[in-house]
Amino acid sequence: MKPGTEYELYVTQVYQMLVAMDLPECKVQHNVILKGRGGIEHQIDVYWEFTVAGVLHRTAVECKDYNRNVSKERIAALMVAISSFFNEYIKKMTIWVHVA
């Protein structure tokens with residue numbers, strides 16, 4: 001198992017429990033590959049989506065098992081990836097970075 005995977009799986013389980021309270025049919029997934037503009041693939045650590053009142057909601061979580069602050073460059077790379085595949089849906093974007 002590569003470094004950080006154990007933490008990603010833990011975060012996946014935590015979100016699955018939280019999401020299941022209100023959306024039992026929603027599945028929180030680990031290590032998801034999503035295609036963005038131009039067919040470019042992006043790896044997402046924790047991902048889930050659901051529809052309420054005809055509106056699709058998508059959540060992507062990036063996990064970092066670092067012993068230091070997450071760099072601005074890593075945050076910028078995440079924002080580029082998210083905007084690549086969520087661009088047509090983004091009305092408001094919140095970036096969550098979980099640090100162990």
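## Glu49 and its partner

At 36% relative accessibility, Glu49 is partly exposed. Buried here means under 20% relative accessible area, exposed over 50%, and partly exposed in between (1.4 Å probe, protein chains only). Glu49 forms a salt bridge with Arg58, and their closest N and O atoms are 3.7 Å apart. Arg58 is partly exposed too, at 28% relative accessible area.

A salt bridge puts a side-chain nitrogen of Lys or Arg within 4 Å of a carboxyl oxygen of Asp or Glu. The count by this rule is three.

## Basis of the model

The model is predicted: local features need pLDDT of at least 70, side-chain atom pairs count only at pLDDT 80 or more, and totals for chains, interfaces and linings use all residues. Residues are numbered from 1 along each chain as its sequence is written, and side-chain values use heavy atoms, with hydrogens and water left out.

Glu62 and Lys64 pair through their side chains, at 2.7 Å from N to O. Both Glu62 and Lys64 are buried. The relative accessible area of Glu62 is 11%.

Glu62 also meets Arg74 in a salt bridge, at 3.6 Å from N to O. This pair links distant parts of the chain: Glu62 lies in strand 3 (residues 55–64) and Arg74 in helix 2 (residues 72–86), twelve residues apart. Helices (H or I, at least four residues) and strands (E, at least two) are DSSP runs, numbered from the N terminus. Arg74 is partly exposed, with 37% relative accessibility. Shared partners join Glu62, Lys64 and Arg74 into one network of salt bridges.
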